[in-house]
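Open the model in your viewer and keep the selection tool at hand. The tour below goes from stop to stop, saying what to select and what is there.

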Amino acid sequence: MTAADIRVAILDILHDIAPDEDLSGLKEDVPFREQLELDSMDFLDIVMELRKRYRVQIPENEYTELASMGSTVRYLEPRMKDIAK
Amino acid sequence: MYDTIIIGAGMSGLAAGVRLAHFGRRVCILERHRAIGGLNSFYKQRGRTYDVGLHAITNFVPKGTRTGPLAKLFRQLRVAWEDWALAPQLGSAIIFPNAILQFSNSIEVLESEIRLRFPKQIDNFRRLIASLHDYGQFGQSGANRSTRKVIGEIISDPLLAEMILCPVLFYGGAREHDIEFDQFSILFRSIFLEGLARPLAGIQRILKMLASRFKEHGGELRLRAGVAKIAVKGDSVEKVILEDGSELEARNVLSSAGFAETMRLCNESQPDDQPDGRISIVESISVLNAPPRSLGYDRTIVFYNDSETFHYEKPEELIDLRSGTVCSPNNFAYPEPLDEGVMRITSLANYERWASLDKESYRQAKRDWYEKLVASAIRFVPDFRAAVIETDVFTPRTIHRFTGHAEGALYGAAQKRHDGTSHLKNLFICGNDQGLVGIVGAIISGISIANQHLLK
Ligand SMILES: Cc1cc2nc3c(=O)[nH]c(=O)nc-3n(C[C@H](O)[C@H](O)[C@H](O)COP(=O)(O)OP(=O)(O)OC[C@H]3O[C@@H](n4cnc5c(N)ncnc54)[C@H](O)[C@@H]3O)c2cc1C
């Protein structure tokens, strides 16, 4: 998956978690916590959705890498490059 | 072999099931009754569908709100706002002799009522709000503080203190007289700082959504499948034995049947943790030939008490006529009106008294006490009796029969099991006995125990 694919995948997960949010204006480098008021339960869900959908394992001490869209894509790119879309 | 067997298809069991099935666990929910819902079910009688539990969903916040229990629940269960289509209350009231406090989903209404009726108390009332515990602190303080004591120290007019306690105890008091300040904080927030709402289609809509989500994700739901025994080996559950004698194995068991009831299934003798007696209720439903509004009644819920002191206790008689709640499901801000007018009256009741009646006296008592209950309530709401076309009553005995909760208890054990664990390493507890009561509380309980212990 390319960075663009990963971005779409994350948007899809966010849309499932918060179906009423308008994600079109989501900013790259503003934390999800600020933009969508996601809490630790939600971050855990993003991690679990990634594992369920793409079998990527994210160790607990690296959850903080998922802070914003930008940091998430940068963190996941090397880890998901061999995964088919 | 299942990953998890869930005992009970009430709100908490279903919510836990949705979480586990969504993340690919092999889950089976076993429900003794032939319908789902537990304390919050619905039934059909003479062509009408009645909700058992639902007066109102608490914790209501407007669409778009991102924080608080309801928003959390929606995200965790992947619910879109329109899935529940909650309609907010029109306005409710607490009515005591010579004092009425109206409230709505905006705390300003209650504050201005207090300013008018109890001008010296408004600052104290604000102090009480400021001293409420946060949701995040729930179950952590361990302080076990008495709410009567805390309120007594802050609110110096006893009548106001009683009026504030009345709705909170009715909507979540597991034991007589008093409630832990932690629980009080959660309930106060859920009723007064957030608010009350109802889906147009009643509880069915929520139950059907939970059950169909669960099944879509591959979950197995078995009705008429009561658990008779939890077989224990060493420090774990070995298997679950159903009432029909069949046996099922699972790595984990999550029970929403109640803590004491679950211990009984394990053959553990339980010290009675409920020396104060359990709180149960009776509810009458009156179907009207016109909307309550046409009779001059547009309140959503009225909490009433006929003296200055509110007695939240198991009555000596079958029913305690001194206090109660009146709810009209019509009086929510729906996009379209309900088909028929309904008035529901709930009062405290004595389980043993109802349970000891033989069949004919039970029927007769239901008829007699319906009349008394309504006669008591119309001291506080318009007399709707001439408009009644159909009635039904359910009692602590009904609640016991359909949920298995000892003594028809409404809000579970007084002593909550906040961490959801038990004496066995793969047996967990969710629902009313874990800590959170009410519909939203039970759902949050199922979600959080599933997350903490079963989705690792
Ligand atoms: C009349 C009434 C009015 C209410 N009004 C409101 C309201 O307006 N707003 C609100 O928020 N809350 C209300 N509540 C409270 C709310 O309904 C409960 O707090 C909530 O539904 C509890 O859910 P639960 O999952 O913890 O337990 P339950 O609903 O009791 O679920 C437990 C389930 O386990 C099943 N079970 C038990 N033992 C076994 C066994 N051995 N084998 C298999 N299955 C078993 C039972 O049949 C039941 O279905 C009301 C309750 C009642 C009774």
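**Stop 1: a covered strand**

Select strand E6 of chain B, residues 92–96. Both of its faces are covered: B:Ser92, B:Ile94 and B:Phe96 on one side, and B:Ala93 and B:Ile95 on the other, are all buried. Buried means under 20% relative accessible area, exposed means over 50%, and partly exposed is in between, with a 1.4 Å probe and the protein chains only. Since five of the five residues of E6(B) are buried, the strand is largely enclosed by the rest of the structure. Helices (H or I, at least four residues) and strands (E, at least two) are DSSP runs, numbered from the N terminus.

Before going on, note that this is a predicted model, in which local features need pLDDT of at least 70 and side-chain atom pairs count only at pLDDT 80 or more, while totals for chains, interfaces and linings use all residues. Residues are numbered from 1 along each chain as its sequence is written, chains are lettered from A and ligands numbered from 1 in the order in which they are written, and side-chain values use heavy atoms, with hydrogens and water left out.

**Stop 2: the partners of that strand**

Strands of a sheet pair through backbone hydrogen bonds, either parallel or antiparallel. Here two strands count as paired if DSSP finds at least two bridges between them.

Look for B:Ala93, which has B:Gln102 of E7(B) opposite. The two strands form a hairpin with two residues between them, and B:Asn98 in the turn has a positive phi of about 60°.

B:Tyr304 in E15(B) is the bridge partner of B:Ile95.

**Stop 3: a three-stranded sheet**

Select E10, E11 and E12 of chain B, which form an open sheet in that order with antiparallel pairing. Strand E10 (227–233) and strand E12 (247–248) are at the edges with a single partner strand each, so one side of each has no neighbour in the sheet. Strand E11, residues 236–242, pairs with E12(B) over two bridges. One bridge to find is that of B:Ile241 with B:Glu247 in E12(B).

**Stop 4: one residue in strand E13**

Select B:Asn252, found in strand E13 (residues 250–255) of chain B. Is B:Asn252 buried or exposed? Its relative accessible area is 19%, and B:Asn252 counts as buried. Not counting residues up to four places away in sequence, B:Asn252 touches B:Asp3, B:Thr4, B:Ile5, B:Asn426, B:Phe428 and B:Leu454. Contact means heavy atoms within 4.5 Å.

**Stop 5: where the chains meet**

Show both chains. On chain B, 17 residues are in contact with 17 residues of chain A. The area buried between them is about 1,600 Å², and carbon and sulfur atoms give 48% of it. Buried area is the accessible area (1.4 Å probe) that two parts lose on being put together, summed over both. Select B:Arg66, B:Arg75 and B:Arg78: they supply 42% of the area that chain B buries against chain A, more than any other three residues.

Six salt bridges are found across this interface. A salt bridge is a side-chain nitrogen of Lys or Arg within 4 Å of a carboxyl oxygen of Asp or Glu. One to select joins A:Asp45 and B:Arg19, at 2.7 Å from N to O. Helix H1 (11–22), helix H2 (69–76) and helix H14 (438–454) of chain B each give at least two residues to the side that touches chain A. The largest share, four residues, comes from H2(B).

Then select the network of salt bridges that links A:Asp12, A:Asp16, A:Asp45, A:Glu49, A:Arg53, B:Arg19 and B:Arg78.

**Stop 6: salt bridges within a chain**

Over all chains, the structure holds 35 salt bridges. Select A:Glu28 and A:Arg7, whose side chains meet in one of 2.7 Å, N to O. A:Glu28 lies in the loop between helix H1 (3–17) and helix H2 (32–36) of chain A and A:Arg7 lies in helix H1, so the pair ties together parts 21 residues apart in sequence. A:Glu28 is partly exposed at 33% relative accessibility, and A:Arg7 is partly exposed at 28%.

Finish with B:Lys314 and B:Glu352, which meet in a salt bridge of 2.9 Å, N to O.
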